[in-house]
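Let's take a walk through this model together.

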Amino acid sequence: MKELESIVVEGPMRQRLVVVGNGMVGARFVEELIARGAGDRYDIVMFGDEPHGNYNRIMLSGILAGSQSVEDTFINPLDWYARNDITLHAGVRVDSIDRDAKLVHGDGHVVEPYDVLVLATGSSPFVPPLKGLSSHGTEMKEGLFAFRTLDDCDRMISYASTARSAAVIGGGLLGLEAARGLLERGLDVHVVHLRSHLMEMQLDPPAGTMLKATLEEMGVTVHLDKMTSEVLGEHRVEGLGFADGSTLSCDMVVVSAGIRPNVSLAFDAGLMVERGIVVTDELRCPGDPSVFAIGECAQHRGQLYGLVAPLWEQAKALADRLSGRVPDAAYTGSRTSTKLKVMGVDLAVMGDQEPSGPDDEVVTYSEPTRGVYKKLIVRGGRLGGAILLGDAGAAPMLLQAFDRGSELPDNRAELLFQLSAAESATGVADLPSSAQICNCNGVSKGALVTAVEAGHCTLKSLCEATRAGLGCGACKSQVQQVLELAAGDQVREDPSVHFYVPGVPMSKAELVKTVRERGLRSVSAVFAQLSGGNEDPASKAGLASLLRTIWGADYDDERDARFINDRVHANVQKDGTFTVVPRIFGGVTTAAELRRIADVAEKYAVPMVKITGGQRIDLVGVRKDELPSMWKELGMPSGHAYTKSFRTCKTCIGSEYCRYGVGDSTTLGVQIERRYQGIETPAKLKLATAGCPRNCSEATTKDIGAVAIEGGKWEIYVGGAAGGHVRKGDILAVVDSHDAVLRYTGRFMQYYREHAKYLERTYDFVPRVGIEKLRSILVDDAEGICAALDEAIGAAVDAYVDPWQEAEEPVHPSQFADVLEPVGVVSGPAWERME
Amino acid sequence: MAAIASIATDTATHCPYCAFQCGLRVSGSDGVLAIAGDADFPVNRGALCIKGFTAADTLEHPERLRTPLVRSRAGELEPASWEEALDRIVAGIRAAQESHGADAVGVFGGGSLTNEKAYLLGKFARVALGTRHIDYNGRFCMSSAAGAAIRAFGVDRGLPFPVADIADADVILLVGSNPAETMPPLMQYFQAQRASGGSLIVADPRRTLTAKASTLHLRLTPGTDAALANGLLHLILEEGAVDADFLAERTEGFDELRGVIATYWPERTEKITGIPERELRRAALLLASARRPMVLTARGSEQQSQGVANTLAFINLALALGKQNQPFTGFGTITGQGNGQGGRELGQKADQLPGYRSITDPAARAHMASIWGIPAGAIPGPGVSAYELLDGMGEEGGVRAMLVIGSNPLVSAPRALHIEQRLRQLELLVVADFFLSETAALADVVLPAAQWSEEDGTMTNLEGRVIRRRRLADAPPDVRRDDEILHAIAERLGWGAQFSYASSSDVFDELRRATAGGVADYSGITYEKIDAQQGVFWPCPSDDHPGTPRIFAERFATANGRARFHPVQHQSPAEEVDVNYPLYLTTGRVLTQYQSGTQTRRVERLARVAPEPQAEIHPVAARHAGIADGALVRLVTRRGSATARARVTRDIREDTVFVPFHWGGAASINRLTNPALDPTSRMPEFKVCAVRLETRPELQGVISA
């Protein structure tokens, strides 16, 4: 003990720490040591048999199966050792330890002195003494493999590419993993097992039997109670011979008959060795205070461990001790439990497989059709062991309960199935009056019912009265349910759903009438007279749009009623930049125009030049202050890609060039766009013209579309949509000239301008009004308003001014100043991305 | 009644509570403030939770402190004049400093103070008191996130993007955060995200309201966050879904991470975290397929002794998913306290000077010395962190006198019984607050302070957006603002000139100069610019700079512009469950209470919703302890015991108990929590310790707080 302390107590001299073994435990120990700052305390030297850094052996079966890359299995690549000033002798096998001189001798005359020696030599595959293992002096016959290292894995993969069938000797975990890998590589796979059920180390007979059935379903042939006696084949593997005299022919054989701890080095050095290298709770070899052992080679309290979790606990405890962080750290043993996959089947095992006394309670659940088997050993109210095969939902909870030794629920069924399942949803009718509906504002069902009884029979007034739904808003549907429940047929539709904008309590018709009667020409005048001076920000843009429609050039424009898009006539993007889309009538352009666009794009280093879905060219990522000069240099009118207005009229190539075209859709599209460009509407309008029913320009799913049909006629569609919402337009009329198309288009637009709610797209407006009614009004002139509509839209066309003229004469000095607009919010409810 | 006649109709200001800082519209008539959400403010867009709606209820509250209190010879707190109170304070400061040196006086600040006050408080400690001992309750809030962000990104700004970006991220991993209760108006962005087809993954030991609104809930074991992050990254690597271009162009150190990630294979991750492998895989696949992935953390993963490592692990995950050259992606952390962001960058932290500058950096010291008009050598060195500062009170080498402003550490610090004992050891305890908080009740001098609507100033919200709080009314006659209090004490200590300002904008102007050139540069921000732009995102280094909504759009704030990966291993929490303490205790908040509850417990409309702490207990755990739903339960840890009312629910893990921490006395859950500190951030481990449940016949009726 004295001597030990002299080793670990800090002193001026750095000590030499030699670790034999660079596997998952040896390397982990060194990592833990460095993490505890012990790099300053020791010069660290490591020996590893394999010429690699340290890799994750657990992932080898994934590499064999082809689902893992070698790169992702490395835990400590070679440069890790260099970075941490560790001398690694990779591929150097240690021959002997001289404990008197405190020297480690390796292959090729490598000699390293040590003050502290840690043995982490791991284990090797056990190869039973079969006939015909070797041929012609090689250690293993060609086609015969053990499955332990990355190199084994490499060789198996390359040999398997030429083989058709394989036999795996050993139906334990590793053997089955090898079988899976080879199966994935397309081989016929046989598993030959000595015992009467698979994985007898982990499974009881019923579980083993169920696993066998599962594997056979996957195509593996399982041979039980079969003792292999011979590897057949002269030069290379050709089959196996068995003790019962039978044979099996195959192209390759993997031996996976268990592992043996590597103890010979320790034994030869005179250390105490039984099944493994004997260690104390300090993980020290008795009799030599300088030597420690951890990992699969170590035998602690009579126990050898093969799972990584307990071995890493050993590594941690030894690092605590040797770093001086916890000088008296001890390892007192582990409860072993693990979750793994066998051939892709979930398996969790822990503790005992069978009851150890009469007081042990055994709980089992078996469902052979699905390959599910669960068995628990309950001992003193705690978990003594468990097998979970085929359904691992409860595994995390059981593994934790086992590791912690937690008390188990009395209702054992709760152990077999996942706990904490979601409580089933309850309808509001079943909720008690005290149940909280709105969490944000702490509103109970009872409070809502009381408010309904007090007369709040619309959703809006109920929310306002109780404040339910005004926080995150998630409870609104439940509030609606409570309302329906409590008010029954007293539920009233909220009158505000008919308001044109939320801030002015009038329907559109009433509002238009009042605005006209009172001559309200500005947004602020409307607020002053119709909403008691309350300027509702959310209503401004809608009102501005309506007033422009009503008053045309006589509208009193107040810039603050506009969204940013409408203030600077460009579409704000999420990063605060804008897009510039010049008008290209009907998508028809010229070489000179294209050249000008290209010049501007280049000069302003526009990050993206994009052809839009509407046949336009979109210059994306423009700074606000660059807008006016770009417009000037383009010398083209605004393409209105940003506002609630007529946007574009998409065209196909039409009859002039197209072999199928029956109408000149190109010319018509240009005409429509020239006439109605920039006309403001309640929501955006996208148009198209198609030269034949093949409909290349998708005119039937536009707000307004004209499709040429035989006989020089045009079908006019309205109310189509092909965005988030898809709707085929309804036919308003079939006409026989371009002029008629232009006329009906304008008439429909004007009616829509006057009757649609703000932001109501035609695909909502048309079904709401009904196509029959629209036809009767707009085609049959049932209300006698067609002439007035035509006149009004004509006036709007005449009043139109290209807004990009403001480049010459900004409305105010800072109109285009590069002040940041908050991202994604200024545009409020009307926000739309450019399409 | 306050002079609310001075309120202009419909004034825009901000809620006094959390870091979301909802825009409020406040109007006054007949002596009553009416509060509504501000539809124009682009963060809350009109939404408001019940705390905001009732924010005015504290103003005319009968328990409001309206005069200074001084402890009498008989040991009672008695009303006193400001003169008496200030004399007592100054005498106490002098006595402590004369016998134990300048560092014998400490200052404990808060994350709810305005930027101006946070700045003044730091200046007051370093200039007027000359002490190195100043820290604040934000140490219990944002320090782990800050520590991680500075290591990985070179700068700590809670969200490096506007909060509205959340709505456009297609897959979000939200860790240890329950905004549906703690920040309800934030939920609109998650709802919009879900409505447009996005996926929300929530990692939380509890099935919170937020988890219920998610696509996938990962019910992790408390204290296993780093293992979760590493395990998800392992699966994402398996999918080959890391963004190699982004890694190559914008980051460094990924290769050093690979080896660590290799050891978090799914079965192992499942065993550590308790999350079934198929759920881990589902989460990983969602993230791997994301076009705009976002990872957000909060106190759940941060308030641990491994808080910095946990946060770094999630940053690693976010960086590996990459795609951060585009908007609507990336890593962020959701700040808690009202001015948690501004409070931590303007000089309240023990080791920092304004502008997020290190107090040990000679250039930073020289810069501040020139602004404060003192020699650089006169600026003290770094002090100790919040818990260590409290732990040292009245001890050898610790502070003897303490000034507490905007905080109630007796309720909010871990191991509360120990903190109480330390507070009682002080020679002088001064507390400035609106109400007689638990800490104030132990003080020698209590100063009545002005409230949110009685002062001007700025706050910095969770996005790093600097916004304006507006004075709507005068404080009651004998109540003073914190800056007036600091000025009065400083004047008596001979530093009056350094603390004399005509207005809060005067303080802000000095603050701007102080932060110029720092990481958190406010120098280009003015009150006018804030008004014009609905807030300004720092950094804003010049008058013509618009502010920076997305700080990492082009480069990270490290020396070489690259984000840095930091390999981290899962480490167990400082205290694991065992036979005597078989359950995990985790703490947090409820919707109707805020922090230590000094304000919200006194608002009747809030208190009646949550009058006492409820312990969420799984039916299995409840049955073992013999606890019925609704019964009082005693929770016991190695540090003390507390009482709460059992709420038996399957919404929590069977091995975990959750209790909110807003109450004092016997209901104080921080009597139980573990002050094990994160090695870097010095954050205590509020979120996980080992607890035992007990039921006793004498436990009935109400909890006496």
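A salt bridge here is a side-chain nitrogen of Lys or Arg within 4 Å of a carboxyl oxygen of Asp or Glu. Keep in mind that this is a predicted model, where local features need pLDDT of at least 70, side-chain atom pairs count only at pLDDT 80 or more, and totals for chains, interfaces and linings use all residues. Residues are numbered from 1 along each chain as its sequence is written, chains are lettered from A and ligands numbered from 1 in the order in which they are written, and side-chain values use heavy atoms, with hydrogens and water left out.

Now look at Arg258(B): a salt bridge joins it to Asp72(A), with the closest N and O atoms 2.8 Å apart. The rule finds 8 salt bridges across the interface of chain B and chain A. Helix 11 of chain B gives the most, with 6 residues.

In all, 65 residues of chain B are in contact with 64 of chain A, contact being heavy atoms within 4.5 Å.

Finally, find Ile617(B) in strand 24 (residues 614-617) of chain B; strands are DSSP runs of E, at least two residues long. Ile617(B) counts as buried because its relative accessibility is 0%, and buried means under 20% relative accessible area (1.4 Å probe, protein chains only). Beyond its neighbours within four places in sequence, Ile617(B) touches residues including Val633(B), Ile652(B) and Leu693(B).

Technical notes. Helices (H or I, at least four residues) and strands (E, at least two) are DSSP runs, numbered from the N terminus. Buried means under 20% relative accessible area, exposed over 50%, partly exposed in between (1.4 Å probe, protein chains only).
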